Amino acid sequence: MNKNIILCGVGGQGTVLASKLIAAAAMDKSLPVMSAETIGMAQRGGSVFSHVRIGEGVYSPIIAKGEADIILGFEPGEAVRMLPFLKKGGTVIVSSRAIIPVTATLSDFSYNGSEMVSYLRKHVNNLFVIDAPKACEDIGSSKVLNILLLGAAIQSGSLGLSEADIRDAIKKRLPERFHELNFKALEYARSHSESI
């Protein structure tokens, strides 16, 4: 299995943790993995993106433009920003919830997340838009967006890892008090897979 995965969002959404769980799940299956994160001004709501490359013959953690099999967009505008990396026929899984970037709050620039989702709908054939506000409300926490998107990626068949793989990574790498809530997010993605 060879997969090039980009995760993108803003600080505080759990993007880096999600990339670490993907890498850990792949390593647990004895698959070669390379990853790199760019965090920038993450603590201030700045852009965060991770590259995760799984499989034989990977010599650099950075994914070239046009080579990503999947983009997990924690924020619609960040997903649009990463689109040049998506390969033809690649998959985008994106949260519908927009977070106004720091740059927009400091200027007269207006930002509309629904416009970003519309742009993605026009330019991506394999697009899955997750109603994150509703899902997080149903689950009972906004802190599971990262696991919810991982669950959606699993259900889409494009991640190359199973729910059991990610569950095992969560068990091994997160404190036990977080297991139940994260498993609930994976189950939610599975039970709503018809809308994914």
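Okay, let's start with G55, which touches M1, N2 and P32, leaving out residues up to four places away in sequence; contact here means heavy atoms within 4.5 Å. Before I go on, this is a predicted model, where local features need pLDDT of at least 70, side-chain atom pairs count only at pLDDT 80 or more, and totals for chains, interfaces and linings use all residues. Residues are numbered from 1 along each chain as its sequence is written, and side-chain values use heavy atoms, with hydrogens and water left out.

So where does G55 sit? You'll find G55 in the loop between β3 (47-54) and β4 (68-73). Helices (H or I, at least four residues) and strands (E, at least two) are DSSP runs, numbered from the N terminus. G55 counts as buried because its relative accessibility is 2%, and the cut-offs are under 20% relative accessible area for buried, over 50% for exposed, partly exposed in between, with a 1.4 Å probe and protein chains only. Its C-alpha is 8.8 Å from that of M34, 21 residues apart along the chain.

Zooming out, the protein has eight helices and six strands, running β-α-β-β-β-α-β-α-α-β-α-α-α-α from the N terminus on. Of its 196 residues, 50% count as buried.

Now the cores. A nonpolar core is a set of buried Ala, Val, Leu, Ile, Met, Phe, Trp, Tyr and Cys residues joined through side-chain atoms within 4.5 Å. The largest one has 39 residues, and I22, L72 and L150 have the most contacts inside it. Its largest share, eight residues, comes from α6. There's also a second, separate core of 18 residues, with V80, V94, Y111 and M116 among them. Back to L72: its contacts beyond four places in sequence include I22, I93 and L150.

Last, the largest pocket, at about 440 Å³. Points are joined across faces, edges and corners, and the volume is the space filled by probe spheres set on them. Of the 20 lining residues, Q13, S142, K143, V144 and L145 are the closest to the centre. α5 (132-139) gives the largest share of the lining, three residues.

Note on methods:
1 Å grid on protein atoms, 1.4 Å probe; cavity = no way out; pocket = protein on both sides within 12 Å on 5 of 7 lines; lining within 4 Å.
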